2 protein chains.
Amino acid sequence: MLATPNYIINGDFSQQITPLDRGFAYGDGIFRTMLMRNGLPVDWPLHYQKLVADCAVVGIVCPSAELLMSDFKQLFSMDEIEENRLGVAKIVITRGESYRGYKPPAITLPTRVVIKSAMPNYAVTLVEQGVELCICQLRLNHQPKLAGVKHLNRLENVLARAEWSSDAIFDGLMLDQSGCVIEGTMCNVFIRQGQQIITPDLSMCGVAGVTRQRIIGLAPSLGLQVKVETLTLEQLLSADEVVICNSLIGALQVTKIADQRWQNQLLANTLRALLLQ
Amino acid sequence: MLATPNYIINGDFSQQITPLDRGFAYGDGIFRTMLMRNGLPVDWPLHYQKLVADCAVVGIVCPSAELLMSDFKQLFSMDEIEENRLGVAKIVITRGESYRGYKPPAITLPTRVVIKSAMPNYAVTLVEQGVELCICQLRLNHQPKLAGVKHLNRLENVLARAEWSSDAIFDGLMLDQSGCVIEGTMCNVFIRQGQQIITPDLSMCGVAGVTRQRIIGLAPSLGLQVKVETLTLEQLLSADEVVICNSLIGALQVTKIADQRWQNQLLANTLRALLLQ
């Protein structure tokens, strides 16, 4: 078994997952990854709102914010808080345990896991020079009943992420079955065309992240009009700027995708500064 | 935690799953359910072949048949063997543990779980009178990279199975995004039209089960021509017979789907008898 990171299951450091947990058996649950600062989750109200919404889609009762806050307090020590260290928390909520069979039991006790990890050691050059993306071969399936939800059925992301090994590539762009741009394996995507920014519509597939939601809210203050709509690869490759975002990186400028290159521009840095406020 | 059934993880009764297991984190693994008779898995060569094939699709090294056989021997006691009892074994193979991130580690130790359950208490009437299916609202997504594989990303099955609660309905028929019949939530489907039987093509979605494979092989000995092709709901509802199959039920006659009824006929019983040989 791997050593660190630490985790806490249903508020108990000594508990483990059994193979009867429906999260293990069927991926029957949801999760979130968030930045921790001073021992507290950044953008917690939005993250918790999204947890509740995602749980509702799959019919799981979301644990209270108080329970999760108590988990954070147990996992992220005073030391870390005093040193103003950054960290990462991942929350997993599953439907809980059941006997064999897809049928969700009438009553289950959801399994609540919080995992603490170190903040990834991102190179400063990612911010200074922008990042390179590849275009994944794997095409995301269309499932409107689960689109937007950060559920535990993530084999598509795993297979897409396995397509490249070069450290020079920060993430892979995933298209859907009709060839439209949806997201990266671990980020959402925005393009800028003049004074307009576009992020893909996620009503058929993809994960609607909290940072994407925040950028949609912040953009008008930069004089940018936001559109959420179908985005073709051609549109993306001919955009003025491409920016990716998630809860850990904030926003990063994309300067290379396949043969297409962009000069490093200002949008990602401006957004990142706004996100930090 | 639930009491029985028993399980064994990596050959160890005391081991549990950690939340770092990629099966739990991403559904990054595969599974099989099989009938156990005299402490041994029925159709083991086919099940093991399918385990190896499914592992290969997602890039997991499948544990040896010897290791799994040793797990069976530890789980299914001599008592059960002597009493000629039927049981159920579920095998789960995941990519193993890793730190946060979709990227599959270069080297992982796969997690191997065998879970023992009691044989479901199927009513004799299921065989004598046939079974009723409903038609699920949820439409299966198209993902050719994973189609046919019994992987751990089964939220679609869970949501589809949650659509009905009546015990009178044995299973729900799942259609794909284009409205074609694919399978039940826990079975494969065949129709008979005269001397021809058709089972849906599973190159875009669905799970290609071992019993389906066996029926495809057995049908010619009954003078039936087998076709694996697109099957519309209209074709199915106007078929001479509809039969469902899986490793636990063998084959069952379908006598009702929505408003459509069929007289109980012979195909399922004939197939079940052949499957038992």
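This is a predicted model: local features need pLDDT of at least 70, side-chain atom pairs count only at pLDDT 80 or more; totals for chains, interfaces and linings use all residues.
## The five-stranded sheets

Let us begin with chain A. Five of its strands build an open sheet in the order 1-5-4-2-3, and the pairing is antiparallel. Strand 1 and strand 3 of chain A sit at the edges, each pairing on one side only. Inside this sheet, strand 4 and strand 5 of chain A are joined in the antiparallel sense by eight bridges. One place to look is Thr94(A), which stands opposite Thr111(A) in strand 5 of chain A.

Chain B has an open sheet of five strands too, with the order 1-5-4-2-3 and antiparallel pairing. Its edge strands are strand 1 (7-9) and strand 3 of chain B, each with pairing on one side only. Between strand 4 and strand 5 (residues 111-118) of chain B there are eight bridges, and these two strands run antiparallel. Here Val92(B) has Val113(B) in strand 5 of chain B as its bridge partner.

As background, strands of a sheet pair through backbone hydrogen bonds, either parallel or antiparallel.

| Strand pair | Direction | Bridges |
|---|---|---|
| Strand 4 and strand 5 of chain A | antiparallel | eight bridges |
| Strand 4 and strand 5 of chain B | antiparallel | eight bridges |
| Strand 9 and strand 10 of chain A | antiparallel | three bridges |
| Strand 10 and strand 11 of chain A | parallel | five bridges |

## Strand 10 of chain A

Strand 10, helix 7 (residues 210-218) and strand 11 of chain A together make a right-handed β-α-β unit.

In helix 3 (residues 65-75) of chain A, the residues Leu68(A), Asp71(A), Phe72(A) and Leu75(A) are buried. Viewed down the helix axis, these buried residues fall within an arc of 100°, so they line one face of helix 3 of chain A. Their cover includes strand 1, strand 3 (40-41), strand 4 and strand 5 of chain A.

The spacing in such a list has a simple background: an α-helix has 3.6 residues a turn, so residues three or four places apart point the same way.

Helix 2 (residues 44-58) of chain B has 15 residues and spans 21 Å from its first C-alpha to its last, close to the 21 Å expected at 1.5 Å a residue. Which residues of helix 2 of chain B are buried? They are His47(B), Tyr48(B), Lys50(B), Leu51(B), Asp54(B), Cys55(B) and Val58(B). Down the axis of helix 2 of chain B, they fall within an arc of 160°, so they line one face of the helix. The cover over these residues draws on both chains: it includes helix 6 (155-161) of chain A, along with strand 2 (29-37), strand 3 (40-41), helix 3 (65-75), strand 4 (86-94) and helix 7 (210-218) of chain B. Just after helix 2 of chain B comes Gly59(B), with a positive phi of about 75°.

Met34(B) lies in strand 2 of chain B. Is Met34(B) buried or exposed? With 26 C-beta neighbours inside 10 Å, Met34(B) counts as buried, because the cut-off for buried is 20 or more. Leaving aside neighbours within four places in sequence, Met34(B) is in contact with Pro41(B), Val42(B), Asp43(B), His47(B), Ala89(B) and Ser247(B). Among these, His47(B) is one of the buried residues of helix 2 of chain B. Met34(B) and Lys116(B) are 82 residues apart in sequence, and their C-alpha atoms are 10.0 Å apart in space.

Gln260(B) is found in strand 14 (residues 260-261) of chain B. Gln260(B) has 15 C-beta neighbours inside 10 Å and counts as partly exposed. From C-alpha to C-alpha, Gln260(B) and Leu237(B) are 6.7 Å apart, with a separation of 23 residues in sequence.

## Where the chains meet

Finally, the contact between the chains: 48 residues of chain A are in contact with 48 residues of chain B. On the side of chain A that touches chain B, the elements giving two or more residues are strand 1 (7-9), helix 1 (22-26), strand 4 (86-94), strand 5 (111-118) and helix 6 of chain A. Helix 6 of chain A gives the most, with six residues. By type, the residues on this side of chain A divide into 25 nonpolar, 14 polar and nine charged. Helix 6 of chain A is also part of what covers the buried residues of helix 2 of chain B.

How values were computed. Residues are numbered from 1 along each chain as its sequence is written. Chains are lettered from A and ligands numbered from 1 in the order in which they are written. Helices (H or I, at least four residues) and strands (E, at least two) are DSSP runs, numbered from the N terminus. The expected span of a helix is 1.5 Å times one less than its number of residues. A residue is buried if 20 or more other C-beta atoms lie within 10 Å of its own, exposed if 12 or fewer, and partly exposed in between; C-beta atoms are placed from the backbone. The arc is that of the directions from the helix axis to the C-beta atoms. Two residues are in contact if their C-beta atoms, placed from the backbone, lie within 7 Å. Ala, Val, Leu, Ile, Met, Phe, Trp, Tyr, Cys and Pro count as nonpolar, Asp, Glu, Lys and Arg as charged, and the others, Gly among them, as polar. Two strands pair if DSSP finds at least two bridges between them. A crossover is right-handed if, with the strands pointing away from the viewer, the path from the first strand over the helix to the second runs clockwise.
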